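Look at the structure first, then read on.

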Amino acid sequence: MSANPEERERTEARVGPEPTAEPEYAPYHHPAAGWGAANSVTRFMMREGALVDGPRAIMRMNHENTGFDCPGCAWPDDTKGLHLDICENGIKHVTWEMTRKRVDRAFFAAHSVTELAGWSDYDLENQGRLTEPMVYDPDTDLYTPISWKDAFELIGRTLRALDSPHQAAYYTSGRLGNEVTFLYQLMARELGTNNLPDCSNMCHEASGRALQASLGTGKGTVDLKDWETTDALFILGVNAASNAPRMLTALAEAYHRGAQVVHVNPLVEAAAGRTIIPHDFKDMATFHATRTSTLNLQPRIGGDMALVRGMAKAILEQSSADPKALDREFIERHTAGFEEYRALCEATSWEDIEHQSGIGRADILKAARVYREADRSIVSWCLGVTQHEHGVDTVREIVNLLLLRGNLGREGAGPSPVRGHSNVQGNRTCGIDHRPGTEFLDRLAEVCGIEPPREHGLDTVRTIEAMRRGEVKVFVGMGGNFALAAPDTPVTHEALRACELTVQVSTKLNRSHVVHGRQALILPCLGRTEKDQQRTGPQSTSVEDSMSMVHLSSGMKRPASPHLLSEPAIVAGMARAALPDSETPWEWYIEDYDRIRDTMARALDGFEDFNRRVRLPLGFRIKQPARELVFLTPSGRAEFSTAELPDVVPAPGTLALGTMRSHDQWNTTIYSDNDRYRGIKNLRTLVFMNEDDMRERGIAKFDPVDITSTARDGSTRRLPGYLAIPYDIPRGCAAGYMPEMNVLCALGDYSTQSDQPIMKHVRVTIDPAA
């Protein structure tokens with residue numbers, strides 16, 4: 001901790017592996033995917049000793065109800081029956097899970113928690129798979145073995161002793177399948193709380209709230225077939241080559257058929273250039289690359305809303321001379337608030353639009369022309385749009401633009417948020433929601449025979465605040481690495497350590513196991529690649545992709561240890577111990593997951609006839625009323641929004657910094673210190689800066705710098721000694737890697753619209769290192 005009581009400085013162990021060579025940087029100019037991906041995957045499988053299991057898994061991943069769903073991103077499975085619907089990051093994710101390395105009782109006996117806390121996050125995960133339940137012993141500072149029965153009893157005893165059920169919080173990572181998600185929220189609500197924070201609170205909460213307000217549904221309305229038929233794709237705030245690599249296939253196919261592809265991002269990422277699709281053997285053999293973009297625009301960080309407003313303003317201005325610029329029939333029949341929105345656009349000056357977006361009027365008009373000339377358009381976005389104070393307004397502005405030309409409710413058109421983690425959307429669909437609706441709770445009460453609580457629970461930020469104050473005493477984490485993923489790292493760690501009990505359900509060792517409460521449990525679970533054998537036979541679980549398709553996933557590999565339990569079995573064990581008099585048939589559910597799905601079919605809208613439909617080829621799509629032009633809004637119509645443009649221009653001397661993942665990383669899991677698509681080797685503690693901003697501060701390439709953020713409350717946080725990298729990024733902007741830079745985002749700096757931490761718009765100063 002700094003001498004300044006208001007300044008927080010990261011003091012934890014490094015995230016990535018120890019560097020083995022000097023840092024290198026050379027701008028990347030090669031196609032995305034292709035031989036670079038193939039070589040990277042081969043080296044990775046050799047390193048992990050998976051040259052046999054890796055290829056076997058590749059042949060079973062993302063196949064129609066006969067294999068397992070990739071535990072990485074939530075991009076939909078190919079609709080054409082592609083046999084290699086895979087990507088570099090998905091293969092790495094699976095291989096990382098299938099490692100032969102093991103973390104057993106001998107490992108924990110040899111290493112204290114104090115020692116492990118000094119290890120890098122890479123080294124923690126690199127030890128391999130967890131093999132049996134462990135409990136923390138404060139007298140020895142060691143994790144020691146505990147039976148499943150005793151582990152469940154410890155959880156149950158602690159939960160039953162709480163003064164209020166609201167003194168516990170149940171966190172969810174996107175890795176959970178739908179069946180365990182349903183059981184998990186049922187357990188929490190039967191216990192009496194809606195404290196169900198989840199990773200959506202940190203990523204796409206803004207998307208859900210905006211789409212709900214505009215269209216009456218919290219999800220996108222398009223599917224993969226729409227991507228295959230649209231005339232124009234607008235991709236905002238998405239690093240597709242790393243975060244949703246299978247999207248590259250859709251982008252390449254769009255370019256081949258003559259569709260326009262517009263990328264909007266402060267950094268021109270690899271996916272916005274060229275690609276060689278690895279399963280296209282002809283292109284691989286001839287090194288033939290396909291363009292994935294027809295226009296690239298680089299707004300300032302936070303400038304997307306102004307850009308979209310400019311496109312809408314251009315369309316409205318053109319409509320006076322060209323009535324076909326607007327779909328007037330659609331607007332009159334299906335929308336509300338159009339005249340107010342038209343007036344707002346007229347009142348928004350081009351000078352303000354250019355200033356706030358950081359893009360000149362001529363380039364904005366180019367994007368508007370693409371949109372005007374396309375009969376059908378899709379707008380897609382990710383965290384570059386949502387992790388801002390004004391994320392909800394920006395998504396609603398995207399919907400405004402779509403409504404102007406009737407790009408909703410027809411093939412090849414609509415809004416398409418890109419979820420970054422497999423089944424994070426399914427988690428919300430199946431009840432992980434700290435603000436549940438009355439209709440959902442009524443059906444849950446009727447079907448499951450419980451009386452769920454009606455008051456709202458705590459989201460991620462407020463859970464951390466409540467743990468820190470001692471108001472939440474038990475934290476249960478289903479997957480993920482909460483200690484590393486959440487904002488304001490030292491404060492999050494302080495909050496976890498204040499808990500009476502922390503429970504982490506995990507496959508591998510991570511930071512959340514060494515930053516724990518006074519009592520702590522590690523409960524190891526099956527991975528998605530592994531066979532789940534229950535009393536009635538092998539089981540499958542279902543997942544929902546980012547376009548609302550629900551399909552089965554079945555593991556193919558022998559479990560890493562005979563002592564592992566499935567996630568549904570772990571939740572059922574906790575629930576029975578905490579609710580000994582419960583009439584919910586927890587054990588009966590675990591014997592056959594079809595029984596869980598039968599209950600879900602009665603409790604969840606859109607899951608009717610679940611067991612039959614999920615076994616259809618490619619599964620089934622959950623109905624989206626807005627796609628059918630049914631709008632569950634107060635007006636019964638799609639509603640235009642009229643938010644003023646926010647001021648996103650940094651104050652003199654400051655920069656807007658956005659956190660992001662490197663390419664060789666998946667969420668908080670770090671595979672190496674390399675970032676191939678940005679030309680980085682052997683370095684993670686860096687900051688990408690505009691060359692003019694560097695020159696103005698007297699900073700040269702690889703110079704060490706100190707990064708200081710200033711929170712709304714005036715407190716500061718500091719990362720010292722990072723290396724500056726000149727990069728093609730707008731002036732006034734900077735970028736660097738999460739989770740290292742999460743320390744810069746104060747816990748109190750969350751969006752007042754979505755309650756999301758503002759990870760993509762941190763106010764910083766960057767100076768030569770002291």
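How many cavities of 30 Å³ or more does a search of the whole structure find? The search finds 6. On a 1 Å grid over the protein atoms alone, a cavity is a set of points where a 1.4 Å probe fits but cannot get out. A pocket is an open set with protein on both sides within 12 Å along at least five of seven lines. Lining residues have an atom within 4 Å of a point. Grid points are joined across faces, edges and corners, and a volume is the space filled by probe spheres set on them.

This is a predicted model: local features need pLDDT of at least 70, side-chain atom pairs count only at pLDDT 80 or more, and totals for chains, interfaces and linings use all residues. Residues are numbered from 1 along each chain as its sequence is written, and side-chain values use heavy atoms, without hydrogens and water.

| Space | Volume | Lining |
|---|---|---|
| Second largest cavity | about 240 Å³ | 20 residues |
| Largest pocket | about 1,200 Å³ | 34 residues |

Nearest the centre of the largest pocket lie Q212, G218, R428, T429 and D433. The elements giving two or more residues to this lining are α9 (205-215), α21 (424-429) and α22 (438-448). Helices here are DSSP runs (H or I, at least four residues), numbered from the N terminus.

In the second largest cavity, L526, G527, R528, T541 and E567 lie nearest the centre.

Now the whole protein. Buried residues (under 20% relative accessible area, 1.4 Å probe, protein chains only) make up 67% of the 770 residues. The C-alpha atoms fill a box of roughly 75 × 60 × 55 Å along the principal axes.

Definitions and conventions: Buried means under 20% relative accessible area, exposed over 50%, partly exposed in between (1.4 Å probe, protein chains only).
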